[in-house]
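Visitor: I'd like a quick tour of this model. Shall we go through it by question and answer?

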Amino acid sequence: MTQHDSPSLPAHRAGASKQAPEAPDDPSPSRRTRPWMPALLYTLGFLTVYLLAVCTPWGQRAENALFGLGKQGGEEAWIYPLSGAAYGSTPLPPLELSAKPTLVAGLTFIVVLTLVRRCWRQGLAALGVVILTTGGKEVFKSNMPRPDLVGAPENLLDQGFPSGHTAIPAALTLAAVLVVSPRIRPYVASAGVLWLACIAAASATMGGHRPSEVLGATLFACACYGLATWLLPPAAAPGTTASPRALPVITLTLALAVALVSGARNDTLTRSLVSAATAFTCAALVWYVAAGRAAHTARHTRPTG
């Protein structure tokens, strides 16, 4: 029996050794989160929105028509008392004069969290997302013209593409996802998405920015995040994190509610709905990039056994 049993043990080991080399071929979370395609797609989306909305007569007419609905100012917006435009009101960050303090506070938070958690590469990537998004926004606004193709009034000729007020919450949310603990990452993304929905809707409905400028800022932030995660080494790339199954539904439902309230106006339903739809699109996009895509990857990479 001993002579018959002994060959079976090496045979079992040989079978095990055949399975070992197959492990690297299995898709890992880090590989799933590092493709260059998302960064390219978000960049193309950003350029497409600019070309269609800013560089075509029908795109300009469609957005300029929104300014003719109701009053020119933002006084009719429900969120106006919290915008900072009203005398003596405290603006919601980063509206009005709170933009720079919000950006500085966000960068400080990233630096402190990077030092505490010692996640140096992720911290550098997070800083890169914020700096590239906000700095690139300024470069783009300064160098890319807004041609007057439809004979628009002078007050509609200002170049505001992309929206800086929208870029700040989008960039800070995506940056925070890179440096926070994986356990709370989905909840941080959820809070950031609700913040973005509020600011994006307010920026669009109060007349400070067109819907294309709000959407363009979000796409640009997503492109910067995609570039940062692509450049990170596989071991430092953000991995997948299990989150409650109901969290995406709850987050997006609340984001829709926040967008509707923040985009509402007393004088025009059309402009209110367009602003809310734009803000919700931005929120859903950032949620997919920050949390939804990781959850989708986790379902495909969860080991069996």
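Visitor: Which backbone nitrogen does the side chain of threonine 56 reach?
Guide: This is a predicted model, where local features need pLDDT of at least 70, side-chain atom pairs count only at pLDDT 80 or more, and totals for chains, interfaces and linings use all residues. Numbering starts from 1 along each chain as its sequence is written, and side-chain values use heavy atoms, with hydrogens and water left out. Threonine 56 sits in the loop between α4 (37-54) and α5 (57-67). At 3.2 Å, its side chain reaches the backbone nitrogen of glycine 59.

Visitor: Is threonine 56 buried or exposed?
Guide: Setting aside residues up to four places away in sequence, threonine 56 touches Leu51 and Leu149 (contact means heavy atoms within 4.5 Å). Its relative accessible area is 13%, and buried means under 20% with a 1.4 Å probe, protein chains only, so threonine 56 is buried.

Visitor: How are α4 and α5 oriented to each other?
Guide: Their axes, lines fitted to C-alpha atoms over the stretch in contact, come within 5 Å and cross at roughly 80°. Angles of 65 to 115 degrees count as roughly perpendicular. α4 and α5 are therefore roughly perpendicular.

Terms used: Helices (H or I, at least four residues) and strands (E, at least two) are DSSP runs, numbered from the N terminus. Buried means under 20% relative accessible area, exposed over 50%, partly exposed in between (1.4 Å probe, protein chains only). A polar contact is a pair of N or O atoms within 3.5 Å; within protein, one must be able to donate a hydrogen and the other to accept it, and residues adjacent in sequence count only if both atoms are side-chain atoms. Axes are lines fitted to C-alpha atoms, for helices over the stretch in contact, and angles run from 0 to 180 degrees between N-to-C directions. Angles under 35 degrees count as roughly parallel, over 145 as roughly antiparallel, 65 to 115 as roughly perpendicular and the rest as oblique.
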